[in-house]
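Hi everyone, thanks for making time.

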Amino acid sequence: MITAIHNLVYSDDPTATRAFFKDVLRWPFVSEGARGDAAVGGQGTGGSDPAEWLIFGTGRSELGVHPTSEVHEGREWSAPRHHAIAIMCDDMEATVAELAGRGAEFSGEVQDMGFGRGTMLKVPGADDMLLYEARHAKAYDLT
């Protein structure tokens with residue numbers, strides 16, 4: 001049956017985005033070569049050039065379903081249907097400091113978001129991703 005979730009990030013500068021995931025977030029990866037089709041038998045090429053088609057291991061994951069409209073504390077809000085990627089951590093201050101030391105930039109200060117504390121992590125060539133320390137129950141260890 002289903003073995004994993006494959007997240008997709010569409011980038012105006014895929015080389016910069018891949019370099020960020022590789023060098024700043026330090027996610028492990030395999031390479032599918034320059035066109036994304038060079039691996040034989042799903043083993044990867046062994047390459048590490050961000051100009052190649054790198055596929056990143058992102059660690060544990062979970063999936064939440066959020067409403068597109070709701071009334072919360074007497075205020076109505078809505079958002080268009082979309083998908084988003086959020087990156088979870090256990091210690092916001094330590095994670096922000098470590099990533100900033102590797103060159104990461106953030107769109108603002110860490111804020112209380114109700115479900116946890118978070119900030120938007122700037123991703124070169126792509127949309128920002130939420131980095132947050134969850135207060136909600138976590139599902140990523142259930143599998």
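I'll start with the sheet, then go to the core and its rings, and finish with a few loops.

Quick housekeeping: this is a predicted model, where local features need pLDDT of at least 70, side-chain atom pairs count only at pLDDT 80 or more, and totals for chains, interfaces and linings use all residues. Residues are numbered from 1 along each chain as its sequence is written, and side-chain values use heavy atoms, with hydrogens and water left out.

Okay, the sheet. Two strands pair if DSSP finds at least two bridges between them.

So in what order do the four strands of the open sheet come? The order is β5-β8-β7-β6, with mixed pairing. At the edges sit β5, residues 86–89, and β6, residues 111–112, each pairing on one side only.

Let's walk across. β5 and β8, which is residues 129–134, are parallel and share four bridges. There, isoleucine 87 stands opposite leucine 131 in β8. Next step: β8 and β7 run antiparallel, with six bridges joining them. Glycine 118 has tyrosine 132 in β8 as its bridge partner. Then β7 and β6, also antiparallel, are joined by two bridges, and here glutamine 111 stands opposite glycine 118 in β7. β6 and β7 make a hairpin with three residues between them, and glycine 114 in that turn has a positive phi of about 85°.

Helix α2, residues 92–101, lies across β5, β7 (116–121) and β8, and runs at about 145° to β8. That angle is taken between N-to-C directions, from 0 to 180 degrees, using lines fitted to C-alpha atoms, for helices over the stretch in contact.

Now the inside. For accessibility, buried means under 20% relative accessible area, exposed means over 50%, and partly exposed is in between, with a 1.4 Å probe and protein chains only. A nonpolar core is a set of buried Ala, Val, Leu, Ile, Met, Phe, Trp, Tyr and Cys residues joined through side-chain atoms within 4.5 Å.

Which residues have the most contacts inside the largest nonpolar core? That core has 19 residues, and the answer is Phe20, Phe21, Leu25 and Leu131. α1, β2, β5, α2 and β8 each supply at least two of its residues. Take leucine 25: leaving aside neighbours within four places in sequence, it is in contact with Phe20, Ile87, Leu99, Arg102 and Leu121. Contact there means heavy atoms within 4.5 Å.

On to the rings. Rings of Phe, Tyr and Trp (its six-membered ring) pair if their centres lie within 6.5 Å; planes under 30 degrees apart are stacked, over 60 edge-to-face, and the rest tilted. By that rule, we get five aromatic pairs. In one of them, phenylalanine 21 and phenylalanine 56 have ring centres 5.5 Å apart and planes at 80°, so the pair is edge-to-face. Phenylalanine 21 is in helix α1 and phenylalanine 56 in strand β2, so the pair ties together parts 35 residues apart in sequence. Phenylalanine 21 counts as buried because its relative accessibility is 7%, and phenylalanine 56 is buried too, at 17%.

Another pair is phenylalanine 115 with tyrosine 132: centres 5.2 Å apart, planes at 85°, so edge-to-face. Phenylalanine 115 is in the loop between β6 and β7 and tyrosine 132 in strand β8, 17 residues apart.

Arginine 26, in the loop between α1 (14–24) and β1 (29–31), has a positive phi near 60° without being a glycine. Arginine 26 counts as exposed because its relative accessible area is 54%. Glutamate 73 sits in the loop between β3 (69–72) and β4 (75–78), and its phi is positive as well, about 50°. Glutamate 73 is exposed, at 73%.

That's my tour, over to you.
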